[in-house]
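User: I am new to this structure and would like to learn how to read its features. Could you guide me through them, beginning with the salt bridges?

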Amino acid sequence: MASVKLGDIIEKMKLENLTPEIDISKIKITQPDINRPALQMAGYFEHFEATRLQIIGFVEYTYMEGLPEARKKEILERLLSCEIPAIVFCRELQPDALFREVAIAHGVPLLMTKQATSAFTAEIIRWLNVKLAPCISVHGVLVDVYGEGVLITGESGIGKSEAALELIRRGHRLVTDDAVEIRKVSDETLVGSAPDITKHFIELRGIGIVDVKTLYGVSSVKDTQSIDLVIRLEDWDKEKEYDRLGLEEEYTEYLGIKVVCHNIPIRPGRNLAIICESAAVNHRQKKMGYNAAQELYRRVQASLTKRRDDEDEDV
């Protein structure tokens, strides 16, 4: 099961640790959902998701402040005895001495952020969804071309890295070469990234490893990118029929999500970078409602209809 260390969350979200006495090195978050324990503070613990990160905002804080001391201690003992990974106080709210005492006794870290509750909740859910998303690794190159994430796949040595390098020289951005980590961040979105060890590197046969960020600058690389289009490179086969119109989309599937896929035959003289650029722009046009293949089909049908009408008039 995927997990995120609590220390990584503290560092990413710039949280202040209010209970440094507690060892957080082994605490991990395993799901992206959060919980605001308002009902639990009122005494209702049925269906309580204790394994989630707990968020306390102004409403929960003021409610607890208004409770009698004995009742507050009773609720805190019951709440913090659950296996809660951590509690985050928003708006720079500070837990009182009793809250800190019970939390330390049960080993529940208390954290604080300056952010408003809604803003922090939205950001932490978005970030955890990415970090905890189902993940696979595929062989290929991922490039941001005109804002479209283009995943270039194919047999080893077919020219994927060379195509990516030419795209970078033309002003586009590299996400990863050779190994692409694909995460399913929603039911419709795949996000690709590079393994830490190969980030910003390209392997070119005959030359070796090239550091793209160093050679072409920080504007030539990108950490993550949604995968919008797959281009599968293959050796040209003169016996095979290739799609020349594109009226029907072909798809490939990753983690249960279908992505538009183009099979591009390779032979000497074909400029792969221009082909990738054209495919990306064409895909973007289709998303905006214009399909060149359908427009050509419409013109052909209109021409045939006009010709038939002219023949009928002659008769």
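Analyst: A salt bridge is counted where a side-chain nitrogen of Lys or Arg lies within 4 Å of a carboxyl oxygen of Asp or Glu. By this rule the count comes to 14 salt bridges. The model is a predicted one, in which local features need pLDDT of at least 70 and side-chain atom pairs count only at pLDDT 80 or more, while totals for chains, interfaces and linings use all residues. Residues are numbered from 1 along each chain as its sequence is written, and side-chain values use heavy atoms, with hydrogens and water left out.

User: How is the accessibility of R100 classed?

Analyst: Relative accessible area sets the class: buried means under 20%, exposed over 50%, and partly exposed in between (1.4 Å probe, protein chains only). R100 has 27% relative accessibility and therefore counts as partly exposed.

User: What separates R71 and E74 along helix α4?

Analyst: R71 and E74 are separated by about one helical turn, because they stand three residues apart in helix α4. Their side chains form a salt bridge of 3.2 Å, N to O. R71, at 31% relative accessibility, counts as partly exposed. Another salt bridge, also given as 3.2 Å from N to O, joins K286 and E249. K286 lies in helix α9 (residues 272–287) and E249 in the loop between β17 (229–235) and β18 (251–254), so this pair ties together parts that are 37 residues apart in sequence. E249 is partly exposed, with 29% relative accessibility. Salt bridges may also be joined into a network, as they are for E166, R169, R170 and E277.

User: Which residues of helix α7 are buried?

Analyst: In α7, the buried residues are K160, S161, A163, A164, L165, L167 and I168. Helix α7 (residues 160–169) is largely enclosed by the rest of the structure, because seven of its ten residues are buried. After α7 comes G171, whose phi is positive, near 100°.

User: Where do the buried residues of helix α3 fall, seen down its axis?

Analyst: The arc is taken from the directions that run from the helix axis to the C-beta atoms. In α3 (residues 58–65), E60, Y61 and M64 are buried. They fall within an arc of 100° when seen down the axis, so they line one face of the helix. Contact means heavy atoms within 4.5 Å. The buried residues of α3 pack against α2 (38–41), β5 (53–56), α4 (69–80) and β6 (87–89). F58 also lies in helix α3; leaving aside neighbours within four places in sequence, F58 is in contact with R91, L93 and T117. F58 and R91 are 33 residues apart in sequence but 7.5 Å apart in space, C-alpha to C-alpha.

User: How many aromatic pairs does the structure hold?

Analyst: Rings of Phe, Tyr and Trp (its six-membered ring) pair if their centres lie within 6.5 Å; planes under 30 degrees apart count as stacked, over 60 as edge-to-face and the rest as tilted. The structure holds three aromatic pairs. One of them is F45 with F48, edge-to-face at 5.9 Å centre to centre and 85° between the planes. Both F45 and F48 are buried. The rings of Y61 and F89 have centres 6.5 Å apart and planes at 85°, so that pair is edge-to-face. Y61 in helix α3 and F89 in strand β6 are 28 residues apart, and their pair links distant parts of the chain. Both Y61 and F89 are buried. Y61, F89 and F99 form one aromatic cluster.

Key: Helices (H or I, at least four residues) and strands (E, at least two) are DSSP runs, numbered from the N terminus.
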